[in-house]
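Please open the model in a viewer and keep the sequence at hand.

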Amino acid sequence: MDVIVTQALDIESDDIVVWKKLGETARDLENYSVAKHAFSMALSKQPSHWASLSNLAEILYILGEYESAEYIIKELAFRLDPLWPRGHQLLELLKSDEQTT
């Protein structure tokens with residue numbers, strides 16, 4: 001699979017759909033560092049891409065990158081949808097994780 005993905009990115013590295021699909025596949029395979037990179041690349045092409053924003057917030061939380069997750073949620077995702085339920089859930093999880101550390 002890595003060879004196919006590498007070839008696809010060489011051909012379509014500006015295609016946001018390729019980056020999003022790579023991120024989703026990496027997330028499903030629990031390869032969170034690749035997922036983080038792929039969703040970040042998708043956002044570099046289109047900063048308001050909702051699926052990439054929401055997935056990146058989740059990945060950052062899983063990786064324990066709480067400050068980055070909080071930034072993505074508050075400064076980017078909530079600008080598009082201030083009522084995003086999962087964003088509010090993640091912020092609550094971030095608060096409770098910070099209190100236990």
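In which helix is the place of alanine 42? Select alanine 42: its place is in helix α3, where helices (H or I, at least four residues) and strands (E, at least two) are DSSP runs numbered from the N terminus. The model is a predicted one, in which local features need pLDDT of at least 70 and side-chain atom pairs count only at pLDDT 80 or more, while totals for chains, interfaces and linings use all residues. Residues are numbered from 1 along each chain as its sequence is written, and side-chain values use heavy atoms, with hydrogens and water left out.

Stay on alanine 42. Because its relative accessibility is 0%, alanine 42 counts as buried; buried means under 20% relative accessible area, exposed over 50% and partly exposed in between, with a 1.4 Å probe and protein chains only. Display its contacts (heavy atoms within 4.5 Å). Neighbours within four places in sequence aside, alanine 42 touches Ile16, Trp19, Lys20 and Ser52. A distance drawn from the C-alpha atom of alanine 42 to that of leucine 56, 14 residues apart along the chain, reads 10.0 Å.

Next, colour the whole chain by secondary structure. Of the 101 residues, 34% count as buried.

Now select Leu56, Ala57, Ile72, Ile73, Trp84 and Leu94, the residues with the most contacts inside the largest nonpolar core, which has 19 residues. Such a core is a set of buried Ala, Val, Leu, Ile, Met, Phe, Trp, Tyr and Cys residues joined through side-chain atoms within 4.5 Å. At least two of its residues come from each of α3 (32-45), α4 (50-62), α5 (66-80) and α6 (85-100), and α4 supplies the largest share, six residues. Apart from this core lies another, of five residues, with Ile16, Leu22, Ala38 and Ala42 among them.

Centre on isoleucine 73. Beyond its neighbours within four places in sequence, isoleucine 73 is in contact with Ala57, Phe78, Trp84, Gly87, Leu90, Leu91 and Leu94.

Tyr66, Ala69, Glu70, Ile73, Lys74 and Phe78 of α5 make the contact with Gly87, His88, Leu90, Leu91, Leu94, Asp97 and Glu98 of α6.
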